[in-house]
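Please look at the sequence and the structure shown here before reading on.

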Amino acid sequence: MIVVSDTTPLRHLIAIGEVDLLRRVYGAVVVPATVWSELQAESTPSAVKSWLQSAPDWLQVRRPREPEPGDANPDILVRLDAGERDAIRLAVELKADLLLMDEADGRSLALGLGLPVTGTLGLLERADVLGLLPDLPVTLAHLEASGFYLSARLRESVLDRYQKRHGIDF
């Protein structure tokens, strides 16, 4: 399975100590060199930078070769940062099975190109389904504490599905 990730899922999964879910759910993950650079920016939390210093071999860094997709919709393309653009380019080039991206415009462009897309929440829900995550509600709280924006409606939706999966009635 070929999985390409943008910056946000990696950054927040590292920050909350759940980055190994990527390996456990997908095996290996590919990131563009621009995402690798974004993860080392000055504003990046020190825990993320430390993790990157001894990044595991299941995380592969590649540079896309193809021209940028989305020429038909330059308005969307211009709103994406370099990491998002390169993650989409790399996913197209590698014919990825999945693109991990949280940013709405990037997801929209990727879906328009026929790429399967999920985000950080999708990964966490998949890990919960597979029994790899001990407590999804606690993990969501940690995710929000790490600076991940989660609307009340989306949080409720994820927690409703969690309750149904586990037969929990609050």
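## A residue in a loop

Lys-95 sits in the loop between helix 6 and strand 4 (98-100). Helices (H or I, at least four residues) and strands (E, at least two) are DSSP runs, numbered from the N terminus. The model is a predicted one, in which local features need pLDDT of at least 70 and side-chain atom pairs count only at pLDDT 80 or more, while totals for chains, interfaces and linings use all residues. Residues are numbered from 1 along each chain as its sequence is written, and side-chain values use heavy atoms, with hydrogens and water left out.

Lys-95 has a positive phi, near 55°, and is a residue other than glycine. Most residues other than glycine have a negative phi. With a relative accessible area of 67%, Lys-95 is exposed. Here buried means under 20% relative accessible area, exposed means over 50%, and partly exposed lies in between (1.4 Å probe, protein chains only).

## Helix 1 and its two partners

In helix 1 the buried residues are Thr-7, Pro-9, Leu-10, His-12, Leu-13 and Ile-14. After helix 1 comes Gly-17, and its phi is positive, near 75°.

Helix 1 (residues 7-15) packs against helix 8 (residues 120-129) at an angle of about 55°, and their axes are 9 Å apart. Axes are lines fitted to C-alpha atoms, for helices over the stretch in contact, and angles run from 0 to 180 degrees between N-to-C directions. Helix 1 and helix 8 are therefore oblique to each other. Angles under 35 degrees count as roughly parallel, over 145 as roughly antiparallel, 65 to 115 as roughly perpendicular and the rest as oblique. Helix 1 contributes Thr-8, Pro-9 and Leu-13 to this contact, and helix 8 contributes Thr-120, Leu-123 and Leu-124. Contact means heavy atoms within 4.5 Å. Of the residues in the contact of helix 1 with helix 8, four are nonpolar, two are polar and none is charged. In this scheme Ala, Val, Leu, Ile, Met, Phe, Trp, Tyr, Cys and Pro count as nonpolar, Asp, Glu, Lys and Arg as charged, and the others, Gly among them, as polar.

Helix 1 also packs against helix 4, at an angle of about 100° and with the axes 9 Å apart. This angle makes helix 1 roughly perpendicular to helix 4. Arg-11, Ile-14 and Ala-15 of helix 1 meet Ala-47, Val-48 and Trp-51 of helix 4. The contact of helix 1 with helix 4 has five nonpolar residues, no polar ones and one charged.

Which residues does Lys-49 contact, leaving aside its neighbours within four places in sequence? They are Leu-39, Gln-40, Ala-41, Glu-42 and Thr-44. The C-alpha atoms of Lys-49 and Ala-15 are 9.9 Å apart, and the two residues are separated by 34 residues along the chain.

One aromatic pair is found in the whole structure. Trp-51 and Trp-58 form this pair, which is tilted, with 6.0 Å centre to centre and 55° between the planes. Rings of Phe, Tyr and Trp (its six-membered ring) pair if their centres lie within 6.5 Å; planes under 30 degrees apart count as stacked, over 60 as edge-to-face and the rest as tilted. Trp-51 counts as buried at 18% relative accessibility, and Trp-58 counts as buried at 8%.

## Salt bridges

Side chains of opposite charge can pair when their charged atoms come close. The whole structure holds seven salt bridges. A salt bridge is a side-chain nitrogen of Lys or Arg within 4 Å of a carboxyl oxygen of Asp or Glu. Three of them are listed here.

| Salt bridge | N to O distance |
|---|---|
| Arg-65 and Glu-93 | 3.4 Å |
| Arg-89 and Asp-86 | 2.8 Å |
| Arg-165 and Asp-128 | 2.8 Å |

Arg-165, in helix 10 (residues 152-166), and Asp-128, in helix 8, are 37 residues apart, and the pair links distant parts of the chain. Arg-165 is partly exposed, with a relative accessible area of 33%, whereas Asp-128 is buried, at 5%. Salt bridges that share partners join Glu-125, Asp-128, Arg-161 and Arg-165 into one network.

Arg-89 and Asp-86 are separated by about one helical turn, because they are three residues apart in helix 6. Both Arg-89 and Asp-86 are buried.
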